[in-house]
Amino acid sequence: MLTANRLEKIMELEQELRAEYQQQLDDKQVAIDAALAEKADLQATIEKQLETIKELTGKASDTQKVEQRNRELHNRADNLQGEIAELKQRLKALQKDLNAVREENKALNQFDPARMKKNLDASKKKLAEKQKDNEGLQKALKESRKEQAALEQKVAELEAKAAATAEAEGAEGQESADQAA
């Protein structure tokens, strides 16, 4: 019986303690339940935030990729613009060189060997013709000089005859005048 007595005392003690601390236990249980609910809410919030973070991280990585691609394209565009500027300068230099080569070619075409040979052949033919003409004219000149010399000699002979005839007539005319006087 001693044990039943003790058991009753322990039960009474438990009820007294329970009565005394029940309010605190209930408050603690409510606090625990509130903390668990808050924890569940916070866990849900954390999960939402984690999803948002994952989503934003995905978007951010996509955004970073796009930004990186934009930077690369911008750099590539800048490089291409630089190359285009260099190519424009090179083009201008090549155009100047081309104009110089055209001028040189134009000057050299004035001395085109084929055309010069053709002109030389034509000039040789003309020269040969002129030499033939010149030789003919030289012969004609010599003949005309000979003829002129012969004619001058005939003129001198005829003048001498005319002078002799005039003297003879003048002497005859004086003789006739002397005779008539």
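Me: Is S61 buried, partly exposed or exposed, and what is its relative accessible area?

Reply: This is a predicted model. Burial is read from relative accessible area: buried means under 20%, exposed means over 50%, and partly exposed lies in between. S61 has a relative accessible area of 25%, so it is partly exposed. S61 belongs to helix α1, which covers residues 2–110.

Me: How many helices and strands does the protein have?

Reply: The protein has two helices and zero strands. Its radius of gyration is 72 Å, well over the 16 Å given by the globule rule for 181 residues, so the protein is more spread out than a compact globule. The C-alpha trace spans about 235 × 35 × 15 Å along its principal axes.

Me: What percentage of the residues of the protein count as buried?

Reply: Of the 181 residues, 0% count as buried. The accessible surface comes to about 17,100 Å², and carbon and sulfur atoms account for 55% of it.

Me: Which residues form a nonpolar patch on the surface?

Reply: The nonpolar patch is formed by L13, L17, Y21 and L25, which together have about 370 Å² of accessible area. L13 lies in helix α1 and is partly exposed, at 46% relative accessible area.

Me: Which residues gather in a patch of negative charge?

Reply: E8, E12, E16 and E20 gather in that patch on the surface. E20 is also found in helix α1, and its relative accessibility of 53% counts as exposed.

Methods. Residues are numbered from 1 along each chain as its sequence is written. This is a predicted model: local features need pLDDT of at least 70, side-chain atom pairs count only at pLDDT 80 or more; totals for chains, interfaces and linings use all residues. Side-chain values use heavy atoms; hydrogens and water are left out. Helices (H or I, at least four residues) and strands (E, at least two) are DSSP runs, numbered from the N terminus. Buried means under 20% relative accessible area, exposed over 50%, partly exposed in between (1.4 Å probe, protein chains only). Patches are made of residues with over 30% relative accessible area and no salt bridge: like charges are joined within 9 Å, nonpolar side chains (Val, Leu, Ile, Met, Phe, Trp, Tyr) within 5 Å. Accessible areas come from the Shrake-Rupley method with a 1.4 Å probe; for residues, only the protein chains shown count as cover. A salt bridge is a side-chain nitrogen of Lys or Arg within 4 Å of a carboxyl oxygen of Asp or Glu. Lys and Arg count as positive and Asp and Glu as negative; His and the chain ends are not counted. The place of a charge is taken as NZ of Lys, CZ of Arg, CG of Asp or CD of Glu. The radius of gyration is taken over C-alpha atoms; the globule rule is 2.2 Å times the number of residues to the power 0.38.
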